[in-house]
Number of protein chains: 2
Amino acid sequence: VARPTPLSGFPELLPAQRTVEQQVVDTLRCVFELHGFSGIETRAVEPMDQLLRKGETSKEVYVLRRLQEADASTDARLGLHFDLTVPFARYVLENAGKLDFPFRRYQIQKVWRGERPQGGRYREFTQADIDVVGLDTLAFHHDVEVATVMVEALRRLDFLPPFRLQVNNRKLIAGFYRALGAPDVDAVMRAVDKLDKLTPDRVHALLVETGLTDDQADLALRLAAISSTDGSFADRVRELGLTDPLLDEGLAELAALVEGCAALTDDRVEVVADLSIARGLDYYTGTVFETRLVGAEHLGSICSGGRYDALATDGRTTYPGVGISLGLSRLLVPLLGAGELTADRTVPSAVLVAVVTEDERPLSGAVATALRGRGIACEVAPAAQRFGKQIRYAERRGIPYVWFPAAGDGGGHEVKDIRSGDQVGADPATWTPPTEDLRPQVVRRSTQ
Amino acid sequence: VARPTPLSGFPELLPAQRTVEQQVVDTLRCVFELHGFSGIETRAVEPMDQLLRKGETSKEVYVLRRLQEADASTDARLGLHFDLTVPFARYVLENAGKLDFPFRRYQIQKVWRGERPQGGRYREFTQADIDVVGLDTLAFHHDVEVATVMVEALRRLDFLPPFRLQVNNRKLIAGFYRALGAPDVDAVMRAVDKLDKLTPDRVHALLVETGLTDDQADLALRLAAISSTDGSFADRVRELGLTDPLLDEGLAELAALVEGCAALTDDRVEVVADLSIARGLDYYTGTVFETRLVGAEHLGSICSGGRYDALATDGRTTYPGVGISLGLSRLLVPLLGAGELTADRTVPSAVLVAVVTEDERPLSGAVATALRGRGIACEVAPAAQRFGKQIRYAERRGIPYVWFPAAGDGGGHEVKDIRSGDQVGADPATWTPPTEDLRPQVVRRSTQ
């Protein structure tokens, strides 16, 4: 039997790596729930007609077929979801009568894309989405809310590299392009969106292809070059001399967003109004978000989103939404794979309870039960080997403490910190390790 | 646009229902980790040849195809996993050099079966598995360990109905059938396994079809009728007058298992040696487990498992394992669907911070930030409506407290418990609700 090999595009984690991912998920959940977001999960599959509504992604869908199915057309065709927005919009429509609006939800799940894998792209990956959805209307302060919630979550993940949340507003840029006289505002937006991949000269050429004059294209590029970490971007936009009611509305919203996030910035977190951000292919109608890791910009945006005037609609009712989606795998898998992030042990156990003889295994079990009753994770040694071997068992796993139970004939319990070698008397009913030893800790290693 | 309808066999939960499921998952994780089990996740897909190794399940597999794939045979065929054992065995082989043995892992993930849905069967459902895997050998005390860990986890879920863990041992029954002179021991096991679906007379006939005489079939049924919550089953087996070394080994193991679990039984949890349990179609070689909810036996076994002498093998090394798998959806979805279990609110928020005027929204935000800083989940009212409307917003979601921030012109903060109507002065820096109000609570309702 050949040893199985990994499947390209389907990353899997070793236990210590999974510990890091799990702690990230726990932190996200904690922050999302502190802000009143309800957790939901949707099924992994959607009918193909739902998944194919956006032509752009049709090539990336995994279609399901039951193995014994004679004819695929006899069954409603199902595909794996490729994001969490399409299923969430469907969930809102399906359950609208049972939900209270505005509805805040978070959703942390795997998604699948049936594409050829390439650097940083996965066929299976985890996303963490938050959205607020209203019934017919949704106040702008929710745009500020989703940004601040995600920034607060990322701030708490203090083992991550610093990051930069780049915000813009479609009303601002669409109003500007309209005032400019652009014959195809959407085409301008898609061209500007390519600025992170193409040179300004190339984008200029694309802008001219959309029907802009050279001067108009210059102005569009001058707008895209504006950025600031405070409200000063608005003055620089006004210096370009164009006016439009939609532009004004976008300027006011973007200023409110930057101001609302200001209290959250620190040396690891920057929030920038960046007027080059357009999210070209998505159907956003106001605020747009992208997020880059400082020093790892090549990973692309690890956290994107924005405002939809119609996240979903059933013809009579419209559900506007604003949300932001964190690419958990895109963020973590490269850091874990490079060894930059790991955990300081491979098991949850803080303590290995040694076994003196197999007959005395129940004594060790009783110690473990007492420790677990006070929330201390532990395991009992698998065999009554000599203590040196049992200590090495703990060392290999990174378990910091080995407990030597009192022998049946009396004598006290002792516990050894195998990092320092310190060994002290201890009572299973009261001994507690320092808080930092209770759970595995995420460790950041410089790989430079 | 027609409102979307649910897909049969793909259960989805409303937010309050998901809260219950999430609390169950959190409890399981907590107990598994206290016992030193490492959490892992495996990818959702496996190569089809891995999934088809057991012929029995081949009809239940969902095969994946990329939408734009010209010819399915050009790509390695992938299918969705139908359990967590096949992927775990593959993970162990693939990563054997990087894992420490004995390796304890838990895994809580969705699995898929492409079958026609019927009562209590799902096409997508969640399982929670624990296994201990050794390198070449694995001591019997791990059989006791996995049973006690799962029982402890189920005990903590005190909102569930009482349950009965039924344990048996394949060595015991195989040794007995061998001593009996059965020509096909496996066929006897598969016939006895049908006792929960067929009458004893029907099973008797099946036993005779395997080559047993009427008297031998009677003895096999007398063995299967034995059960006890203590070690007395062994005496009743010996009274049947057969002896065999494998039978003796099985009797000793089963006695040790029942004794090891004895300390965990209470009025909600029974552990029974039940000699009718055979797990006919699975490849267990010693201990076998099934678990039924008392009063909901029609749901079948919600938690099953056992000992494999070879969970995995690469030809040179064998990895024996013992594990148990909890069918989380099978357990919860009927209880949630019937309304027997729910949560007392639909959002995590313990507090709704009211908004006096839109201009004063930042005051409410500051209160919310102070409360969140001390771990109190809250949300700020979406609009500065009159307070009666804001209170009803909280009521609809089950949020127990509404906070009225001090107006800009002075005056103290007040917080109202909207269940009792009590309203008191409060300081955002110190006020804390009672612990039971901090998080949504699972509520059990009698539906009789």
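**Briefing: a two-chain predicted model**

Of the 448 residues in chain A, 59% are buried, where buried means under 20% relative accessible area, exposed over 50% and partly exposed in between (1.4 Å probe, protein chains only). This is a predicted model, in which local features need pLDDT of at least 70 and side-chain atom pairs count only at pLDDT 80 or more, while totals for chains, interfaces and linings use all residues. Residues are numbered from 1 along each chain as its sequence is written, chains are lettered from A and ligands numbered from 1 in the order in which they are written, and side-chain values use heavy atoms, with hydrogens and water left out.

**Chain A overall**

- Chain A holds 14 helices and 19 strands, both taken as DSSP runs numbered from the N terminus (helices: H or I, at least four residues; strands: E, at least two).
- The C-alpha trace of chain A spans about 95 × 60 × 45 Å along its principal axes.
- With contact defined as heavy atoms within 4.5 Å, 69% of the contacts in chain A between residues at least 6 apart in sequence join residues at least 24 apart.

**Relation between the two chains**

- An open sheet with antiparallel pairing is formed by 6 strands in the order 2(A)-4(A)-3(A)-3(B)-4(B)-2(B); two strands count as paired if DSSP finds at least two bridges between them.
- Strand 2 (45-47) of chain A and strand 2 (45-47) of chain B are the edge strands, each of which pairs on one side only.
- Neighbouring strands of this sheet are turned by 45 degrees against each other on average, direction ignored, with axes being lines fitted to C-alpha atoms (for helices over the stretch in contact) and angles running from 0 to 180 degrees between N-to-C directions.
- Strand 3 (residues 62-66) of chain A is largely enclosed by the rest of the structure, because 4 of its 5 residues are buried.
- Within chain A, strand 3 pairs with strand 4 (residues 78-80) in the antiparallel sense over 2 bridges, and A:Val63 stands opposite A:Gly79.
- Strand 2 of chain A runs antiparallel to strand 4 of chain A and is joined to it by 3 bridges, with A:Gly79 as the bridge partner of A:Glu46.

**A:Cys303**

- A:Cys303 is found in strand 11 (residues 303-313) of chain A and is buried, with a relative accessible area of 1%.
- Leaving aside neighbours within four places in sequence, A:Cys303 is in contact with A:Met150, A:Phe289, A:Glu290, A:Thr291, A:Ile324, A:Ser325 and A:Leu326.
- A:Cys303 and A:Lys389 are 86 residues apart in sequence, and 47 Å separate their C-alpha atoms in space.
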